[in-house]
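Hello,

I'm handing over the structure we talked about, and I'd be glad if you could take a look.

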Amino acid sequence: MTAKAACSDFLHFFRSWISNPLRVAAIAPSGDSLARIMTSEIAALDGPIIELGPGTGVFTRALLARGVSEADLTLIEYGPEFINSLQARFPTARVLQMDAAHLSHADIFEGEPVGAVVSGLPLLSMSPRKITSIMAGAFAYMRPGGAVYQFTYGPRCPVSRPILDRLGLKAVRIGGTVRNLPPASVYRISRRKPLELSSERYRQSDTEIDDVAAFSNETGG
Ligand SMILES: C[S@@+](CC[C@H](N)C(=O)[O-])C[C@H]1O[C@@H](n2cnc3c(N)ncnc32)[C@H](O)[C@@H]1O
């Protein structure tokens, strides 16, 4: 990307942030360093990929650089101001203007399940209910072993532990960069394996046993 195009993207993004700071939630597009981490585990043969909140398309370009076919991309962007430029830049990708929280009702994939979901969504400014809908929707299309890649400016995964537990998911931090404005971390969110789910149940029953023991001590039982 030329310096002139980068400058024009910055102005486009900055104006969007001024008009809708909660939805855009960043003053500048993500940097190349963050885009590389976000897409580092995605391979050309992963099949269809969904990108949520592509904005000016920084992660989209990084996906193409990893060999993903443009025709395998579905870009879901709520902001009308980004739609025309996404369509012009990525003419063979599918660009849908919609709220990512409506993914599961949208029936956007009938055939092959998706290999990964790359999310630039500002989850920190969303309610737990909305985050739950987005994650449930993303995993409704996901093939076994697929993952959501989500970045955050915060100190922990922006999908909280109760939401992960409720949906049977786990989050692992796969990297971070200070060469971004602001510095950011990237999480891989994936389904827990049956064994992890059952050990989770054991942990719960341990807690229940502890509760029973504490109750017995209190009551002298
Ligand atoms: C922090 S910006 C990230 C843009 C781009 N991925 C990047 O990293 O430069 C958040 C993007 O998510 C979009 N967005 C916010 N809420 C959304 C929603 N509910 N559904 C789809 N897109 C949304 C915004 O319009 C914006 O493009």
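Ala25 sits in the loop between α2 and α3 (32–39). Please keep in mind that this is a predicted model. Ala25 is not a glycine, yet its phi is positive, at about 60°. Most residues other than glycine have a negative phi. Because 17 other C-beta atoms lie within 10 Å, Ala25 counts as partly exposed.

A positive phi also turns up at Asp107, with a value near 50°. Asp107 is found in the loop between α6 (103–106) and β4 (114–119), and it is exposed, since 9 other C-beta atoms lie within 10 Å of its own.

Another backbone feature is the cis peptide bond from Leu181 to Pro182, where omega is near -10°. Pro182 belongs to the loop between β6 (169–177) and β7 (184–191).

Back in helix α2, you will find Arg23. Arg23 is partly exposed because it has 15 C-beta neighbours inside 10 Å. Beyond its neighbours within four places in sequence, Arg23 contacts Tyr78 and Gly79. Arg23 and Met126 are 103 residues apart along the chain, with 8.9 Å between their C-alpha atoms.

Lastly, helix α7 (residues 128–140) has 13 residues and spans 18 Å from first to last C-alpha. Its buried residues include Ile134, Met135 and Phe139.

Best wishes

Conventions:
Residues are numbered from 1 along each chain as its sequence is written. This is a predicted model: local features need pLDDT of at least 70, side-chain atom pairs count only at pLDDT 80 or more; totals for chains, interfaces and linings use all residues. Helices (H or I, at least four residues) and strands (E, at least two) are DSSP runs, numbered from the N terminus. The expected span of a helix is 1.5 Å times one less than its number of residues. A residue is buried if 20 or more other C-beta atoms lie within 10 Å of its own, exposed if 12 or fewer, and partly exposed in between; C-beta atoms are placed from the backbone. Two residues are in contact if their C-beta atoms, placed from the backbone, lie within 7 Å.
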